[in-house]
Amino acid sequence: VIANTTTGPGGAYSFANVAPGSYTVQEIVQSGWTQSYPAAPGIQSVTLVSGVAGPTDVDFGNWMPTGFSGVKFEDLNGDGIRDAGEPGLNGWTINLTSGSIIIANTTTGSDGAYSFTNITPGSYNVAEAAQAGWNQSYPAAPGTQSVTLVSGETGPDNIDFGNWRPTGFSGTVFEDKNGDGVRDPGEPGLE
């Protein structure tokens with residue numbers, strides 16, 4: 001190590017009074033940060049010539065992990081909104097994708113909650129893994145959510161998904177022979 005310095009306001013640093021020659025410059029990455037620039041091995045090479053100003057773009061970039069969360073719920077009335085009393089759904093897989101590549105996945109807990117942590121900042125899509133017998137009501141087609149995560153910031157906590165199960169009902173049309181509005185014994189069904 002020939003010399004070291006510390007960054008100041010705005011991240012700027014400089015070395016002065018350095019002898020001409022070729023040097024390697026690297027940062028000491030701090031805990032909780034990941035170096036993103038320059039690419040691995042994360043060093044910069046500098047050649048200094050006597051009497052010539054050196055480069056001003058010997059830069060280093062870093063990011064902090066981020067994440068987000070949401071809830072998977074049963075949309076009891078199928079309206080695409082989580083209403084009071086609509087329960088969370090346990091055991092559903094939620095996928096985090098970049099393009100068509102699954103970056104990570106997680107499973108919802110007993111209350112339907114899920115979260116992703118330690119995610120690299122960037123733009124992603126979030127989708128549930130469909131389950132047989134269920135129809136997605138939220139979000140609307142194509143049924144995915146977009147999320148943009150920023151270094152060191154807590155992401156959104158409302159990346160939710162809602163589903164409903166098909167149901168049905170039945171009844172009988174009958175001849176109300178006495179017109180009293182009640183199906184009495186002997187009043188036949190009408191085909």
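Strands here are DSSP runs of E of at least two residues, numbered from the N terminus. The model on screen is predicted.

**Whole chain.** Start by selecting the protein chain and colouring it by secondary structure. The protein chain has 12 strands and zero helices. Its radius of gyration is 31 Å, well over the 16 Å that the globule rule gives for 191 residues, so the chain is more spread out than a compact globule. Turn the view along the principal axes: the C-alpha atoms fill a box of roughly 115 × 25 × 25 Å.

**Surface and burial.** Of the 191 residues, 26% count as buried.

**Contacts.** Show the contacts within the protein chain. Among those between residues at least 6 apart in sequence, 53% join residues at least 24 apart.

**Charges.** Select the charged side chains of the protein chain. There are 5 positive and 19 negative ones, and the centres of the two sets are 15 Å apart.

**Gly-54.** Now go to the stretch from β3 (43–48) to β4 (61–63); Gly-54 sits in the loop between these two strands.

**Phe-15.** Gly-54 and Phe-15 are 39 residues apart along the chain, and their C-alpha atoms are separated by 9.8 Å.

Conventions:
Residues numbered from 1 in each chain as written. Predicted model: local features only at pLDDT ≥ 70, side-chain atom pairs only at ≥ 80, totals over all residues. Heavy atoms only, no water. Helix = DSSP H or I, 4+ residues; strand = E, 2+ residues; numbered from the N terminus. Rg over C-alpha atoms; globule rule 2.2 N^0.38 Å. Buried < 20%, exposed > 50% of the residue type's maximum accessible area, 1.4 Å probe, protein only. Contact = heavy atoms within 4.5 Å. Lys, Arg positive; Asp, Glu negative; His and termini not counted. Charge placed at Lys NZ, Arg CZ, Asp CG, Glu CD.
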